[in-house]
Amino acid sequence: MVTFFHRTPEINLDCFTCDPNVSKHTPIVAASKTIPDWFHNIEVPETPVELDYENVERKHRNIRSCYGFLEFYKRGIVVESWCDMGIKTEDDGFQCFFSAPPEPMSHNTEQYGNAFSKYFNLKVCSPWLFECSENINFLFVGAEWALGDYDIKVLPGVVNFDIAASGNFFIMIPRKKDQFIINIGTPMVHIIPLSEKKLKHKVHLLTKGEYGKKVHAPSYSFFGWRKIKNLIKRNEKRKCPFSGE
């Protein structure tokens with residue numbers, strides 16, 4: 001009898017940094033390796049049952065058997081904080097102190113109207129660049145299960161690394177008097193491919209010169225990512241652009 005093995009199609013994601021400390025101490029890792037300690041400390045329910053509100057016997061359950069949690073951590077990769085991030089806020093402003101570059105920045109609030117009026121915005125400039133073997137979208141979401149000790153929001157979004165190679169993300173910080181430190185190694189962003197294919201990733205340490213050549217794609221055009229996206233669509237329609245066909 002012949003047995004056929006069907007391999008799940010794969011997506012290859014290359015992750016680049018030029019900082020040896022980042023690649024050594026806080027590399028990009030599979031999400032499954034960042035499940036919070038509190039989850040592991042919860043005991044698996046034993047088999048005894050209890051009567052629920054419908055007077056039906058059911059097994060004791062907790063988050064250790066939560067389908068949504070378990071499936072979430074089977075997918076994607078996680079970017080951890082590559083440095084200590086100190087945040088000090090007042091009602092009318094805030095300061096941030098990063099123990100290593102790159103330095104963060106803030107956008108003018110006029111760019112997003114009256115949304116998040118009770119928050120300051122902080123754009124965290126990631127030391128990572130990404131290249132994917134396929135032209136697909138990735139979902140960026142905050143690693144919220146690991147951020148329960150912090151009163152912040154990591155805003156979600158969808159990115160395509162053919163259009164923008166950087167791994168920058170936004171933190172919204174409440175407008176109140178407070179100060180805290182996000183420790184190095186804290187999971188910050190969970191990146192999930194919007195595809196059923198299996199994701200394989202590899203971390204690369206580049207020289208600063210090599211890293212500098214992997215530019216943020218929209219910088220080639222005055223018209224930003226929309227122009228780059230239109231070029232990608234145009235080139236996909238061309239069968240063999242160098243063959244003369």
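**View 1. Four residues touch the most other members of the largest nonpolar core: Leu13, Phe130, Ile171 and Ile191.** This core has 36 residues. A nonpolar core here is a set of buried Ala, Val, Leu, Ile, Met, Phe, Trp, Tyr and Cys residues joined through side-chain atoms within 4.5 Å. Buried means under 20% relative accessible area, exposed over 50%, and partly exposed in between, using a 1.4 Å probe and protein chains only. Welcome to a predicted model: local features need pLDDT of at least 70, side-chain atom pairs count only at pLDDT 80 or more, and totals for chains, interfaces and linings use all residues. Residues are numbered from 1 along each chain as its sequence is written, and side-chain values use heavy atoms, with hydrogens and water left out.

**View 2. Here we meet the contacts of Leu13.** Apart from neighbours within four places in sequence, the contacts of Leu13 (heavy atoms within 4.5 Å) include Ile77, Phe130, Phe138, Phe161 and Leu199. Also among them are Glu131, Cys132, Lys200, His201 and Lys202. A second, separate core has six residues, including Phe39, Ile63, Phe69 and Tyr73.

**View 3. Three strands make an open, antiparallel sheet in the order β7-β6-β14.** Strands are DSSP runs of E, at least two residues long, numbered from the N terminus, and two of them pair if DSSP finds at least two bridges between them. Because β7 (93–98) and β14 (178–182) are edge strands with a single partner each, one side of each has no neighbour in the sheet. From one strand to the next, the twist averages 10°, an angle on the 0 to 180 degrees scale between N-to-C directions of lines fitted to C-alpha atoms. Strand β6 (residues 85–90) is joined to the antiparallel β14 by five bridges, and Ile87 has Phe180 as its bridge partner in β14.

**View 4. Ile136 sits in the loop between β9 (129–132) and β10 (138–142).** Ile136 is buried, at a relative accessible area of 14%. Beyond neighbours within four places in sequence, Ile136 is in contact with Ile11, Val159, Asn160, Pro193 and Ser195. Phe161 is 25 residues away along the chain, and its C-alpha atom is 8.0 Å from that of Ile136.

**View 5. Asn160 belongs to the loop between β12 (157–159) and β13 (169–174).** With 9% relative accessibility, Asn160 is buried. A polar atom of the Asn160 side chain lies 3.3 Å from the backbone oxygen of Ile136. Leaving out residues up to four places away in sequence, Asn160 touches Asn135, Ile136 and Asn137.

Conventions:
Helices (H or I, at least four residues) and strands (E, at least two) are DSSP runs, numbered from the N terminus. A polar contact is a pair of N or O atoms within 3.5 Å; within protein, one must be able to donate a hydrogen and the other to accept it, and residues adjacent in sequence count only if both atoms are side-chain atoms.
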